[in-house]
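The exercises below concern one model, shown first. Each task is followed by a solution in steps.

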Amino acid sequence: MREENVRAARAAPTNGDAMQKYLAEAVGTFVLVLGGVGAAVLAGDRIGFLGVSFAFGLSLLAMVYTIGPISGCHVNPAVTVGLLMAGKFDKRHVAGYVIAQCVGAIVAAGLVLLIAKGMPGGYSAGAEGLGSNGYGAASPEGFGGGAAFLAEVALTFLLVLTVLGATDSRAPVGFAGLAIGLVLTLIHLVGIPITNTSVNPARSLGPALFAGGDALRQLWMFIIAPLLGAAFASAVYKLVHRPAVQITATRAEQATDEERRERVVGQRDVERPV
């Protein structure tokens with residue numbers, strides 16, 4: 001009986017930590033889709049491709065430093081799979097992360113649609129797309145399916161490889177967010193004219209569920225291509241990176257223990273009355 005109680009006591013914090021991670025991933029993905037898709041739908045005609053690209057990149061950069069210490073800030077099933085394949089993520093949490101990411105994306109897309117409906121004349125997700133991804137007639141510049149598939153694989157490869165490299169044990173500690181946020185901006189600068197840029201199955205799922213039509217019929221590509229790109233990135237990373245000590249993405253995105261202690265001591269000095 002005592003042994004069972006001990007095991008239950010040990011499991012409780014672990015389960016609580018897992019739920020915190022899942023919630024953080026849902027919130028992070030919500031912010032990414034709200035910021036990026038929201039910019040495309042609500043302000044795209046004013047800020048253009050460049051502005052939308054920065055909206056996605058800045059949203060991710062902010063979330064890396066906000067929820068990175070909690071969950072690692074994957075906010076993308078392809079990133080989760082890439083980290084898993086590279087040995088930097090616990091397989092027990094894959095399903096929880098992916099579900100949380102999809103839920104966050106769907107809620108954000110729904111919120112963007114509700115706001116968009118307040119435009120003069122209203123807004124139709126089916127007619128205007130809600131920032132969904134697509135190829136052929138659904139591509140912003142009419143790119144075909146083959147070009148779209150190759151672009152999504154290559155651009156996801158770039159994203160996941162950057163995440164893996166920036167969170168390597170030998171990378172500068174605390175700077176992963178800058179590299180990851182900027183590379184997502186670059187990826188959107190290249191990819192928006194082709195597919196509206198997915199590189200993230202959850203980001204594609206959210207708008208597609210509300211837009212329906214081609215967005216939903218073509219969703220398969222924006223699930224398969226990013227996952228394939230993530231697999232390639234993991235394989236390349238394991239070939240070219242051989243760190244002596246393997247650390248998780250979450251740990252790499254945090255400041256060092258010494259830096260955190262200095263912050264705490266500094267804060268106490270400020271609060272201590274003179």
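The model is predicted.

**Exercise 1. Classify Ser 198 as buried or exposed, and list its surroundings.**

Step 1. The relative accessibility of Ser 198 is 2%. Buried means under 20%, so Ser 198 counts as buried.

Step 2. Leaving out residues up to four places away in sequence, Ser 198 touches Asn 133, Glu 152, Arg 203, Ser 204, Phe 222 and Pro 226. With Ser 204 there is a side-chain to side-chain polar contact of 2.5 Å.

**Exercise 2. Determine the geometry of the pair Tyr 22 and Tyr 97, then find the cluster that includes both residues.**

Step 1. The ring centres of Tyr 22 and Tyr 97 are 6.0 Å apart, and the planes meet at 85°. Planes over 60 degrees apart count as edge-to-face, so the Tyr 22 and Tyr 97 pair is edge-to-face.

Step 2. Tyr 22 belongs to helix H1 and Tyr 97 to helix H3 (residues 94–116), so the pair ties together parts 75 residues apart in sequence.

Step 3. Tyr 97 also pairs with Phe 89, with 4.7 Å between centres and 65° between planes, again edge-to-face. The count of aromatic pairs is two, and Tyr 22, Phe 89 and Tyr 97 make up one aromatic cluster.

Step 4. Check burial. Tyr 22 has a relative accessible area of 17% and is buried; Tyr 97, at 1%, is buried; Phe 89 is buried as well.

**Exercise 3. Describe the lining of the largest pocket.**

Step 1. The volume of the largest pocket is about 570 Å³. Its lining has 32 residues, and Glu 128, Gly 129, Gly 131, Ser 132 and Asn 196 lie nearest the centre.

Step 2. Helix H1 (2–71), helix H4 (125–128), H7 and helix H8 (213–217) each give two or more residues to this lining. The largest share, nine residues, is from H1.

Step 3. By class, the pocket lining has 16 nonpolar, 11 polar and five charged residues.

**Exercise 4. Describe the lining of the largest cavity.**

Step 1. One cavity of 30 Å³ or more is counted, and the largest cavity holds about 160 Å³. Its lining has 23 residues, with Leu 60, His 74, Val 75, Asn 76 and Leu 159 closest to the centre.

Step 2. At least two lining residues each come from H1, helix H2 (77–85), helix H5 (145–166) and H6. H1 gives the most, four residues.

Step 3. The cavity lining divides into 14 nonpolar, seven polar and two charged residues.

Methods:
Residues are numbered from 1 along each chain as its sequence is written. This is a predicted model: local features need pLDDT of at least 70, side-chain atom pairs count only at pLDDT 80 or more; totals for chains, interfaces and linings use all residues. Side-chain values use heavy atoms; hydrogens and water are left out. Buried means under 20% relative accessible area, exposed over 50%, partly exposed in between (1.4 Å probe, protein chains only). A polar contact is a pair of N or O atoms within 3.5 Å; within protein, one must be able to donate a hydrogen and the other to accept it, and residues adjacent in sequence count only if both atoms are side-chain atoms. Contact means heavy atoms within 4.5 Å. On a 1 Å grid over the protein atoms alone, a cavity is a set of points where a 1.4 Å probe fits but cannot get out, and a pocket is an open set with protein on both sides within 12 Å along at least five of seven lines; lining residues have an atom within 4 Å of a point. Grid points are joined across faces, edges and corners, and a volume is the space filled by probe spheres set on the points. Ala, Val, Leu, Ile, Met, Phe, Trp, Tyr, Cys and Pro count as nonpolar, Asp, Glu, Lys and Arg as charged, and the others, Gly among them, as polar. Rings of Phe, Tyr and Trp (its six-membered ring) pair if their centres lie within 6.5 Å; planes under 30 degrees apart count as stacked, over 60 as edge-to-face and the rest as tilted.
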